[in-house]
Number of protein chains: 2
Amino acid sequence: VTEVALGRAALIGTGALGASLGAALRSRGLARAVVGHDPAAAARALELGHLDRAAASLAEAVAGAELVLIAVPPPAVAEVLLEVLDRADPAALVTDLTSVKGPLLAEVEGAVPAGAAWVPSHPLCRTDGLGPDAARADLPVGWPVVLTPGPDSVPGAIERLRDLWRALGASEVRQLDPVANDLLAAATRQLPHVGAGLAAAALDRLPAGVSLLDLEGLGGPSLSAAPPGLDASALAAHLVANREAVAWCLERSAAWLEDVRERLAAGDASGLAELLAGAQRVRRRVAGRR
Amino acid sequence: VTEVALGRAALIGTGALGASLGAALRSRGLARAVVGHDPAAAARALELGHLDRAAASLAEAVAGAELVLIAVPPPAVAEVLLEVLDRADPAALVTDLTSVKGPLLAEVEGAVPAGAAWVPSHPLCRTDGLGPDAARADLPVGWPVVLTPGPDSVPGAIERLRDLWRALGASEVRQLDPVANDLLAAATRQLPHVGAGLAAAALDRLPAGVSLLDLEGLGGPSLSAAPPGLDASALAAHLVANREAVAWCLERSAAWLEDVRERLAAGDASGLAELLAGAQRVRRRVAGRR
């Protein structure tokens, strides 16, 4: 493992993930200074000690930086990335932290300067809230990181980025094709929320004579606790023993899933958010205290 | 709270749940003796100290018992219950621990002796494996218990059973209609496994060029981690950002859900077990170490 000893690191986006990486770089002494830019959150991130300095603009943040981490929301990544590659030192190591890579690569295709030291990262660590107040210096520790370099990626950049993630405590750094990465993101980070909504969807439309109030607090820690170690035969026997109620629920679950698919196909983010928030509300009401 | 001080307690079925209750009764000194009957598991439960004695027959176990707990698999409950009510002292408090009540009540309708002190229980605590080796004396502690007494239930019996569960550490004892109880069981204990299978189903049939091997170990603790506190708008934005991969997965998820519904409608427990076991295998392969 090469020693990572950076001069200035720039963070574009200092929400929960960005600020966590700022805190991690600082606490491990991996950069001489961490400069963050975020119109909404940089002041708070600085106040919490996750940055050495807040920059008023992207250009100011990346000037003189040897490393640039881009941690902005998915719709903004492509534009921010191109601006960073335009403003930063050509030798600077640049990575974005967004979980979805295919659309980003398609969006920036042909616009990335040749020889730019940009390699996309997808750290699999999970933040637990929004904004710099949810940041933790140990967030990346013990989690894998996926890199999705393209055929034009500068080989030295891939190595430098691997070393950086290892120095930040990643359990493993693995290269994946963007298609594989995006399926991984869908199946492990996004579909679980849809799966957890299935049961909630059934409880959201109870039959006459049953009230959600009756069930409040009885669900255990959450409706999504499904340890994969449970015996499948015993589980199936219980499903069959309860087939009438399960079928009743699954009918509503299937309808809910169809709603999710339709809103997704329409690109209707606010409609999707409404479906997911509704399911979360039911889950929280039915979830017990432990 | 009335003091619970029992003479002999009988356990019919000494698997993970039954043996846990045996251990709980013993460790809290709630019964003078705990006698278990289980052709397969009683010897091991006795060896582990979860029973005072193993009885060779149901009749021997319930003779002289003041409390009978029935913890046998769902398909056997009705028959065992009627035999217990036939053999036990009419004053003995009898409860079954199966999670699904409607089908059981329908099955025993008209066959329960008038005045029998039988009240169905549905403890919401979750066992973590099968058999007496998975038993823990503190299993019921902190979990709610649902009772589904019928109109004929002896009122004194309901009170005695409430007191027993409280003495065993239940966080709450609530009476529910059997229909409400069965929907609760479906939505909180059974559907989460179906929901968790959704994502796994997608990963089970990856597109050409992507191998499950590439994704092995990258999924985090499990594919079903979906904290209900995550911001729904941020979540929806991620789903839309990854819409192609998510839609690809959801198409397979919906097909898997349809398979589940068909096998359930056919009462095909072994077919269902196969679907659930397949999903669990994928989840374990993709799940990371932490």
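Modeller: One term to begin with: a residue is buried under 20% relative accessible area, exposed over 50%, and partly exposed in between (1.4 Å probe, protein chains only). What you're looking at is a predicted model, where local features need pLDDT of at least 70, side-chain atom pairs count only at pLDDT 80 or more, and totals for chains, interfaces and linings use all residues. Residues are numbered from 1 along each chain as its sequence is written, chains are lettered from A and ligands numbered from 1 in the order in which they are written, and side-chain values use heavy atoms, with hydrogens and water left out.

Biologist: Thanks! How many helices and strands does chain A have?

Modeller: Both kinds are DSSP runs numbered from the N terminus: helices are H or I with at least four residues, strands are E with at least two. The C-alpha trace of chain A spans about 65 × 40 × 35 Å along its principal axes. Its secondary structure comes to 11 helices and 8 strands.

Biologist: And what percentage of the 290 residues in chain A is buried?

Modeller: Accessible areas come from the Shrake-Rupley method with a 1.4 Å probe, and for residues only the protein chains shown count as cover. Chain A has an accessible surface of about 11400 Å², with 51% of it belonging to carbon and sulfur atoms. Of the 290 residues in chain A, the buried share is 56%.

Biologist: Let's pick a residue. Is A:His50 buried or exposed?

Modeller: You'll find A:His50 in the loop between helix 2 (42–47) and strand 3 (53–54) of chain A. Beyond its neighbours within four places in sequence, A:His50 is in contact (heavy atoms within 4.5 Å) with A:Ala19, A:Gly22, A:Ala23, A:Arg26, A:Val34, A:Ala45, A:Pro132 and A:Ala135. Its relative accessible area is 11%, so A:His50 counts as buried.

Biologist: What about A:Ser57: where does it sit, and how far is its C-alpha atom from that of A:Trp248?

Modeller: A:Ser57 is in the loop between strand 3 and helix 3 (58–62) of chain A. With a relative accessible area of 29%, A:Ser57 is partly exposed. A:Trp248 is 191 residues away along the chain, and the two C-alpha atoms are separated by 55 Å.

Biologist: How many salt bridges are there over all chains?

Modeller: Side chains of opposite charge can pair when their charged atoms come close. Here, a salt bridge needs a side-chain nitrogen of Lys or Arg within 4 Å of a carboxyl oxygen of Asp or Glu. One example joins A:Asp96 and A:Lys101 at 2.5 Å, N to O, and both of these residues are buried. Over all chains, the number is 26.

Biologist: Over in chain B, what N to O distance goes with the salt bridge between B:Arg285 and B:Glu216?

Modeller: B:Arg285 is partly exposed at 37% relative accessibility, and B:Glu216 is partly exposed at 27%. Their side chains meet at an N to O distance of 2.5 Å.

Biologist: Now the two chains together. How much area is buried between chain B and chain A?

Modeller: Buried area is the accessible area (1.4 Å probe) that two parts lose on being put together, summed over both. In this model, 93 residues of chain B are in contact with 93 residues of chain A. Between the two chains there are 0 salt bridges. Carbon and sulfur atoms give 71% of the buried area, which is about 8100 Å².

Biologist: How many residue pairs are in polar contact between chain B and chain A?

Modeller: A polar contact is a pair of N or O atoms within 3.5 Å; within protein, one must be able to donate a hydrogen and the other to accept it, and residues adjacent in sequence count only if both atoms are side-chain atoms. With both residues at pLDDT 80 or more, the number of pairs between chain B and chain A is 12.
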